[in-house]
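Here is a short briefing on strand pairing, ring contacts and charge pairs. Please look at the structure first.

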Amino acid sequence: MNYSFNFRSEGGSCTEQRQLTRAAGAELFQADVDEFCQYYGRSDGGLCFPDFQPQLPHGQNSNYLGDERIEAINRKQKHSCYCVQEILTGLQQPTSVVHCGDGSQRLFILEKEGFVRILTPHMELLQEPFLDIHKLVQAGIKGGDERGLLSLAFHPNYKKNGKLYVSYTTNQDRWATGPHDHILRVVEYTVSRKNPNQVDTRTTRVLIEVAELHRKHLGGQLVFGPDGLLHIFLGDGMITLDDMEEMDGLSDFTGSVLRVDVDIECCSSPYVIPKNNPYFNSTNQPPEIFAHGLHDPGRCAVDKFHMDTNGTLLILCTDSTGRNTTTGRVLQIIKGRDYENEASIFDLGSINGAVPVGGVIYRGCQSRRLYGSYVFTDKSGNFRVLQRPAEDRPWQERPLCLGSSASCGSSLVGHILGFGEDELGEVYILTWQKGLAVQSYSGRLYKLLDPKRPQVPKECRRPAEAPEMLSSSCSRECRNGHCSPTGLCCCHSGWEGPFCTRAKCDPACRNAGVCTEPNKCLCKEGFSGSQCEKGEWDVQTDRDKDGLLDHIIDMTSYLLDLTSYIV
């Protein structure tokens with residue numbers, strides 16, 4: 001079959017057009033309709049295949065995408081905007097939505113007050129929360145107060161070890177010296193051995209704590225990269241140089257990206273740190289400062305399909321350009337960089353004072369046009385897309401149009417609070433509309449869709465698996481400790497043994513006493529004391545001596561009475 005190309009010269013030579021044709025020819029017919037017209041269509045808006053109405057034999061359906069048989073329609077009548085599908089309403093200040101990667105296709109929705117709720121693949125919101133720590137979380141109510149439940153990340157091997165990591169703000173255990181408003185805490189939990197839809201809050205293990213002075217620019221997002229390491233994104237906390245001097249070094253980690261290897265065995269002694277250090281780490285390894293110089297990072301995105309031979313990840317973040325500004329920037333986070341002075345890949349202007357809220361690198365299946373693009377927005381819903389033709393080429397920005405409710409069936413309502421992804425890589429958007437009540441359940445969850453494609457194309461369908469119980473020997477038998485991500489039972493203080501079933505007494509029990517609880521001995525008959533150090537025969541000897549003396553006195557008194565009677 002012969003193909004002909006008709007390019008209209010617009011300042012370029014015939015040779016340039018020929019080179020373009022040769023370069024494009026190999027990939028041209030692998031592109032779908034939208035890719036074809038986006039990259040090879042006429043710049044004057046003229047007709048581009050398949051804008052022409054195809055003439056089909058009687059009774060034959062069109063094969064518009066090659067593997068999807070849908071009705072033949074005029075493509076020019078279909079707008080190029082994207083749509084949002086309303087999935088769920090009635091949420092209370094949702095901050096994030098994530099998946100656990102175990103094949104169950106459950107969505108986990110975070111609410112600022114301290115709840116994590118489960119949305120099943122059948123779009124059923126479970127009544128019992130997956131995690132309830134609202135008594136620990138210090139959440140802000142006023143506008144601009146970012147305190148609350150901040151982020152949730154599941155371990156890459158969650159299906160086997162049941163580990164998850166949560167960040168939140170709290171005012172409990174105010175250990176830090178000097179003035180501070182709250183503590184940002186990163187904690188490890190394990191899912192319940194009996195219920196895969198609930199967390200066992202007794203398994204808590206604190207990873208990091210950071211004392212913060214202000215209630216804005218907190219950050220706190222947790223993300224695992226394809227390298228298996230946990231990345232923690234912290235804002236500058238609105239800290240000034242005067243604050244840093246006043247807080248005596250408590251702001252060492254503000255504005256940084258920390259990287260933690262959570263798979264380091266946790267059974268070693270805790271990392272010993274000075275009292276005025278801004279973090280506590282339950283392992284014996286301090287976190288790595290991966291990058292620094294951030295101000296107010298929004299939702300950062302780590303490309304799960306990108307890691308070169310040097311271990312370099314593709315991490316994109318929206319960020320503000322300073323402490324007291326709403327102008328933003330998009331940064332590509334690279335190890336060792338200082339972003340106080342580093343150039344951004346794209347600068348965002350401030351539109352009506354709306355701050356950027358972050359974005360996501362689209363790796364879903366439903367939209368072919370968006371694949372590999374960075375989708376981001378601000379609180380007012382000014383959506384944009386960054387695309388890069390090749391790794392050695394600069395990023396290109398374009399607006400992302402969202403269709404109206406008339407053309408899409410629904411539209412965004414409220415301010416944008418965040419993004420999320422499901423297991424298939426599809427993008428979700430969280431909004432919230434402030435109401436008169438303090439606890440306003442006006443949060444909504446939307447799904448981003450490409451109207452040029454079916455909502456769930458055939459090649460995108462995956463059966464959901466039922467969530468499984470933890471089946472490792474550690475999860476079954478570890479009693480007075482917690483399982484490490486690699487399956488080792490790490491004992492709580494005062495316990496020892498392979499599965500932490502043996503109590504430890506220091507000093508040890510004596511005289512064949514048994515340690516039944518930490519530092520508590522059960523003594524055998526005839527012994528007593530905290531370490532069973534006293535023998536009851538010592539006490540009996542004293543009693544025997546006292547009894548003999550009393551007997552002598554009684555006998556003497558009896559003899560005196562008898563003598564007196566005889567006389």
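A residue counts as buried under 20% relative accessible area, as exposed over 50%, and as partly exposed in between. Glu86 has a relative accessible area of 36%, so Glu86 is partly exposed. The model is a predicted one. A search of the whole structure finds 20 salt bridges, and the count of aromatic pairs comes to 8.

**Salt bridges**

- Glu86 meets Arg444 in a salt bridge, at 2.8 Å from N to O.
- This pair links distant parts of the chain: Glu86 is in strand E1 (residues 83–91) and Arg444 in strand E24 (residues 443–449), 358 residues apart.
- Arg444 is partly exposed, at 23% relative accessibility.
- Arg299 forms a salt bridge with Glu421, and their closest N and O atoms are 3.9 Å apart.
- Arg299 lies in the loop between strand E13 (288–292) and E14, and Glu421 in strand E22, 122 residues apart.
- Both Arg299 and Glu421 are buried.
- Glu342 and Arg337 form a salt bridge, with the closest N and O atoms 2.8 Å apart.
- Glu342 is partly exposed at 28% relative accessibility, and Arg337 is partly exposed at 32%.

**Aromatic rings**

- Tyr374 and Phe376 form a stacked pair, 5.2 Å centre to centre with 20° between the planes.
- Tyr374 is buried, with a relative accessible area of 0%, and Phe376 is buried at 1%.
- The rings of Phe383 and Phe419 have centres 6.2 Å apart and planes at 90°, so this pair is edge-to-face.
- Phe383 lies in the loop between strand E19 (374–378) and strand E20 (384–387), and Phe419 in strand E22 (residues 415–421), so the pair ties together parts 36 residues apart in sequence.
- Phe383 is buried at 6% relative accessibility, and Phe419 is buried at 1%.
- Phe108, Phe130, Phe154 and Tyr158 are linked into a cluster by ring pairs.
- The charged end of Arg369 sits over the ring of Tyr82, 4.3 Å from its centre.

- Strand E15 (residues 313–320) and strand E16 (residues 328–332) run antiparallel and are joined by 5 bridges.
- Asp319 stands opposite Arg329 in E16.

Methods:
Residues are numbered from 1 along each chain as its sequence is written. This is a predicted model: local features need pLDDT of at least 70, side-chain atom pairs count only at pLDDT 80 or more; totals for chains, interfaces and linings use all residues. Side-chain values use heavy atoms; hydrogens and water are left out. Two strands pair if DSSP finds at least two bridges between them. Helices (H or I, at least four residues) and strands (E, at least two) are DSSP runs, numbered from the N terminus. Rings of Phe, Tyr and Trp (its six-membered ring) pair if their centres lie within 6.5 Å; planes under 30 degrees apart count as stacked, over 60 as edge-to-face and the rest as tilted. Buried means under 20% relative accessible area, exposed over 50%, partly exposed in between (1.4 Å probe, protein chains only). A charge sits over a ring if NZ of Lys or CZ of Arg is within 6 Å of the ring centre and within 35 degrees of the ring normal. A salt bridge is a side-chain nitrogen of Lys or Arg within 4 Å of a carboxyl oxygen of Asp or Glu.
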